[in-house]
Amino acid sequence: MNPEPNPHRAGFVSIIGKPNVGKSTLMNALVGERLSIVTSKAQTTRHRILGILNGDDFQLVYSDTPGIIQPKYELHNAMMSFVYSSLEDADVILFVTDIYEKHDEEPIVERLRKTEVPIMLLVNKIDQADQVEVEEKLAYWKEHLPNATEVLPISALEKFNTDQVLKMVLERLPVHPPYYPKDELTDKPERFFAAEMIREKIFKLYKKEVPYSCEVSVDEFKEEEDIIRMRSTIYVERSSQKGIIIGQKGEALKKVGTWAREEMEKFFLKKVFLEIHVKVNENWRTDPKALNRFGYQ
């Protein structure tokens with residue numbers, strides 16, 4: 001007789017934590033596809049991005065969320081609503097901190113103390129610390145979040161212990177049929193990732209407040225047999241920022257376009273024609289109508 005096949009497990013795994021602790025890097029290590037922006041600047045993930053990992057007998061739906069912040073704009077409130085909604089439908093919560101943690105995210109920790117969902121607390125970036133520092137962090141969290149089922153040191157960048165994280169998550173998933181078709185990698189459309197690639201290049205090229213004041217829309221996305229033709233708009237809050245984005249003789253904007261196009265061609269595996277315009281939408285971060293148009297409601 002053939003052995004009984006393993007029951008199929010499926011569920012939602014929410015990755016939460018403060019900005020820049022390595023949540024997106026962790027999700028990319030776990031899912032194996034570069035689905036979220038990974039830069040050295042905080043607050044680059046603004047939406048809730050689902051990354052789907054499929055196996056013969058499981059489907060993990062990872063939810064990479066914006067970093068936990070004290071809201072200053074209506075945009076920040078929208079970003080935090082993505083974090084809280086991800087806790088409500090989670091089957092497993094991965095709470096990511098790092099060895100530089102200042103332990104100032106008490107509101108979210110208070111919520112986690114009350115949840116019955118399994119919590120795995122992951123102390124990231126241990127490759128940048130010595131053994132004593134790591135043990136101190138682990139001891140702190142075991143005391144302050146006693147309902148965490150695991151407190152684990154990891155390095156998402158070096159992929160240290162990420163296999164162990166995956167194994168532990170799978171053990172805690174409910175028996176359930178897949179939620180999405182087995183060949184899907186994410187719930188976001190292709191034009192979402194095109195916009196994110198442009199936004200990532202803005203974070204890499206410009207300084208200070210300018211990247212945080214930018215939003216990107218892909219207004220046209222036409223896929224032909226051997227090329228994708230795309231028209232997009234970078235929105236800024238002030239005319240002075242528009243000048244900075246465009247740069248002298250358009251050189252800065254040209255560089256954004258070239259870098260983004262090169263990355264898109266690797267992602268979509270075909271040629272890309274990319275046209276980018278810059279427009280001013282005053283104070284869009286505090287304007288509910290603009291936030292709704294950009295998909296934050």
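Author: Let us begin with a definition: a residue is buried when its relative accessible area is under 20%, exposed when it is over 50%, and partly exposed in between, using a 1.4 Å probe and protein chains only. This is a predicted model, in which local features need pLDDT of at least 70 and side-chain atom pairs count only at pLDDT 80 or more, while totals for chains, interfaces and linings use all residues. Residues are numbered from 1 along each chain as its sequence is written, and side-chain values use heavy atoms, with hydrogens and water left out.

Reader: Are Glu263 and Lys201 buried or exposed, and how do their side chains meet?

Author: Both Glu263 and Lys201 are buried. Their side chains form a salt bridge (a side-chain nitrogen of Lys or Arg within 4 Å of a carboxyl oxygen of Asp or Glu), with N and O 2.5 Å apart. This pair joins distant parts of the chain, for Glu263 belongs to helix H8 (residues 251–268) and Lys201 to helix H6 (residues 190–205), 62 residues apart. Such labels follow DSSP runs numbered from the N terminus, where helices are H or I runs of at least four residues and strands are E runs of at least two.

Reader: How many salt bridges are there by this rule, and which residues are linked in a network?

Author: The count comes to 13 salt bridges, and a network of them links Glu150, Lys167, Glu171 and Arg172.

Reader: Which residues of H8 are buried, and what do they pack against?

Author: The buried residues of H8 are Ala252, Leu253, Val256, Gly257, Ala260, Glu263, Met264, Glu265 and Phe268. They pack against H6, S7, S8, helix H7 (239–246) and S9, where contact means heavy atoms within 4.5 Å. As a check on length, the expected span of a helix is 1.5 Å times one less than its number of residues; the 18 residues of H8 should therefore span 26 Å, and its end C-alpha atoms, 25 Å apart, agree with that. Just after H8, Leu269 takes a positive phi of about 60 degrees.

Reader: Where do the buried residues of H3 fall when seen down its axis?

Author: An α-helix has 3.6 residues a turn, so residues three or four places apart point the same way. In helix H3 (residues 106–114) the buried residues are Ile108, Val109 and Leu112. Seen down the axis of H3, they fall within an arc of 100 degrees, so they line one face of the helix; the arc is taken from the directions from the helix axis to the C-beta atoms.

Reader: Which residues have the most contacts inside the largest nonpolar core?

Author: A nonpolar core is a set of buried Ala, Val, Leu, Ile, Met, Phe, Trp, Tyr and Cys residues joined through side-chain atoms within 4.5 Å. The largest has 28 residues, and those with the most contacts inside it are Ile198, Ile202, Met230, Ile234, Ile245 and Met264. The elements giving two or more residues to this core are H6, strand S7 (215–223), strand S8 (227–236), H8 and strand S9 (271–280), with the largest share, seven residues, coming from H6. Apart from this core lies another, of 23 residues, including Val31, Phe58, Tyr62 and Leu94.
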